[in-house]
Amino acid sequence: MSNRSLDALFSGVRFGKFVSVGAVGAVFDMTTTTALIVLLGVLGEYAKLVGAEVAIVVMFVINENWTFADEGAGGTLPTVRRFLTSNLVRSGGLALQFLIVRSLRQIDLSVVLFGFDFWQVIPIPIAIAASMLVNYVAESTFTWRISRP
């Protein structure tokens, strides 16, 4: 990887945008996941998968139009390719999140407030934070291909 490629990958402005978009995605993820758990009684691991996919779609749209707006070819087919690639490369981050949520749920702990055990949802933001760097590098490299000349 050339210095130019590394500069593009580690752009503070781009990374800041990506983190901001990630915060929006985290809100969608946690809201969807929590609603599925609390309102519908869906098991946390499965609710997390749905919440993550909702977040991936929202984040792709924002990243496509803001964070990486100057990257990638225009048109329907290149955009669809980027959308599919985004889903594929984020599967690594999602797998990491799933394993973290699953592992932390194995800990015999309760954080009960107002009659609800918040330990069911506390692992979610921990899992999201752990996968952020992996997702940034993968999205930058494979989805929008910023490191390629």
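How far apart do the end C-alpha atoms of residues 17–144 lie? They lie 14 Å apart.

This is a predicted model, in which local features need pLDDT of at least 70 and side-chain atom pairs count only at pLDDT 80 or more, while totals for chains, interfaces and linings use all residues. Residues are numbered from 1 along each chain as its sequence is written, and side-chain values use heavy atoms, with hydrogens and water left out.

View 1. The chain has five helices and two strands (DSSP runs, H or I of at least four residues for helices and E of at least two for strands, numbered from the N terminus). Their order along the sequence is α-α-α-α-β-β-α. The C-alpha trace spans about 55 × 30 × 20 Å along its principal axes. An unreviewed UniProt entry places "domain: GtrA/DPMS transmembrane" at residues 17–144; such annotations may be inferred rather than shown by experiment, and positions follow the numbering used here, with feature names shortened. The span is 77% helix and 3% strand.

View 2. The unreviewed UniProt entry lists residues 21–43 and 118–138 as "transmembrane region". Residues 21–43 are 87% helix and 0% strand, with end C-alpha atoms 27 Å apart. Residues 118–138 are 76% helix and 0% strand, and here the end C-alpha atoms are 31 Å apart.

**View 3. Thr-32 in helix α2.** Thr-32 sits in α2 (residues 12–40). Its side chain reaches the backbone oxygen of Phe-28 at 2.8 Å. Beyond neighbours within four places in sequence, Thr-32 is in contact (heavy atoms within 4.5 Å) with Val-50, Gly-51 and Val-54.

**View 4. The largest pocket.** A pocket is an open set of points on a 1 Å grid over the protein atoms alone, where a 1.4 Å probe fits, with protein on both sides within 12 Å along at least five of seven lines; lining residues have an atom within 4 Å of a point. The volume is about 270 Å³, taken as the space filled by probe spheres set on points joined across faces, edges and corners. Of its 20 lining residues, Gly-22, Met-59, Arg-90, Ile-128 and Asn-135 lie nearest the centre. Helices α2, α3 (44–67), α4 (76–105) and α5 (123–143) each supply at least two lining residues. α2 gives the most, seven.

**View 5. Confidence by element.** The chain averages a pLDDT (the predictor's confidence in each residue, from 0 to 100) of 89, and 95% of residues score at least 70. Where pLDDT is low, predicted coordinates should not be read in detail.

Definitions and conventions. Polar contact = N/O pair within 3.5 Å; in protein donor to acceptor, adjacent residues only side chain to side chain.
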